[in-house]
Amino acid sequence: MRRLRNRLAGAALSVLALTLTATGCQGSSEAASGGETDSAAAAAASPVANRVEPLAQRPEPELPVTVRSADGEQVTVEGARRVVPLSGSLSEIVFTLGLGDRVVARDVTATFEQAAKLPVVTRGHDVSAESVLSLKPDLVIAETTTGPEEAVDQIRAAGVPVLFVEAAKGLDDVGPRIRAVADALGVPAAGKELTRRSEQRIEAARKDVPHGGKPRVAFLYLRGSASVYLIGGKDSGAGSLIEAAGAVDAGAASGLDKDFTAITSEALVKAAPDAILVMSKGLESVGGVDGLVKIPGVAQTPAGMDRRIVSVEDGVLLNYGPRTDQVLKSVVAQLYGEDGAR
């Protein structure tokens, strides 16, 4: 789901927001229609949990606090009993800090189990100020890419503190984002603890990556129902994850400098991926692996010929948060198989 990640280009952003499900994500093995021979089926061996794991000891916020928002504003938080995070990634952080009972609404990308029953009031880049304000929040947490700007301005004009957090770009953003949210909630010690736990788990997952030659992995963003087929480049946000899995970002390596570029046979041939990374709903939308290899150019790549597809749930793949270690483990398991073969 990006995430889902908020750096998807133009039309893809709108398609993503409109097509994400408001319930928990399904396992990627269901999306692969090619049977157990398809690498997507390996997800069952290392799935990403559809629940977050809160810290063992629930922290008690010490408020008020004044923190610096990523948009340069100083934000004073008097209370945090009715919190509205405007992305799934930010919701995940609040819940994992142990303060999920204070969250009163969710973005459509908050697909994990604990948040599933909360009302959906916004869709990332389609924030409804009226829906948010109707819940009388005392803190709204947004990504720097959240919009439209007018809606956020309307929320602030109503006197509600709005904290902006830098949008996630890679693994290095996990700690800073956690700490930014924790500081605003008045639980800085919990933020440090969760950062430490998350980074240790990511490092442990890195150690399980097989050594040797680096497979080339292309990240494709797919929405078959809207005929959106994009290949990720240098700024797609997937590069950090691909590299952590011991692979090469095929799109970036082939010279794609933008975040996303429309898929063409020429672009795929130049990228020459050994494996393709996709979001599970995107894979589903094109008819699974069988449908994916029918997209022009895919069948001619090493990945298409080998049906080597890595699929991870939309709502967590590019979140770069407390569950990123599980995402990395799932990618590694699908990319190399249980025996670590390339």
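1. Helices (H or I, at least four residues) and strands (E, at least two) are DSSP runs, numbered from the N terminus. The model is predicted: local features need pLDDT of at least 70 and side-chain atom pairs count only at pLDDT 80 or more, while totals for chains, interfaces and linings use all residues. Residues are numbered from 1 along each chain as its sequence is written, and side-chain values use heavy atoms, with hydrogens and water left out.

2. Helix α6 (residues 188–207) contains Arg197. Arg197 has a relative accessible area of 15% and therefore counts as buried (under 20%; exposed is over 50%, partly exposed in between; 1.4 Å probe, protein chains only). Leaving aside residues up to four places away in sequence, Arg197 touches Glu53, Pro54, Leu55 and Thr96, where contact means heavy atoms within 4.5 Å.

3. An open sheet of three strands runs in the order β3-β6-β7, with parallel pairing; two strands pair if DSSP finds at least two bridges between them. β3 (83–85) and β7 are the edge strands, each pairing on one side only. Strand β6 (residues 139–143) pairs with β7 over four bridges, and Ala142 stands opposite Phe164 in β7.

4. Helix α2 (residues 88–99) packs on the sheet, touching β3, β6 and β7, and its direction makes about 130° with that of β6. Helix α4 (residues 149–157) also packs on the sheet, touching β6 and β7, at about 140° to the direction of β7. Axes are lines fitted to C-alpha atoms, for helices over the stretch in contact, and angles run from 0 to 180 degrees between N-to-C directions.
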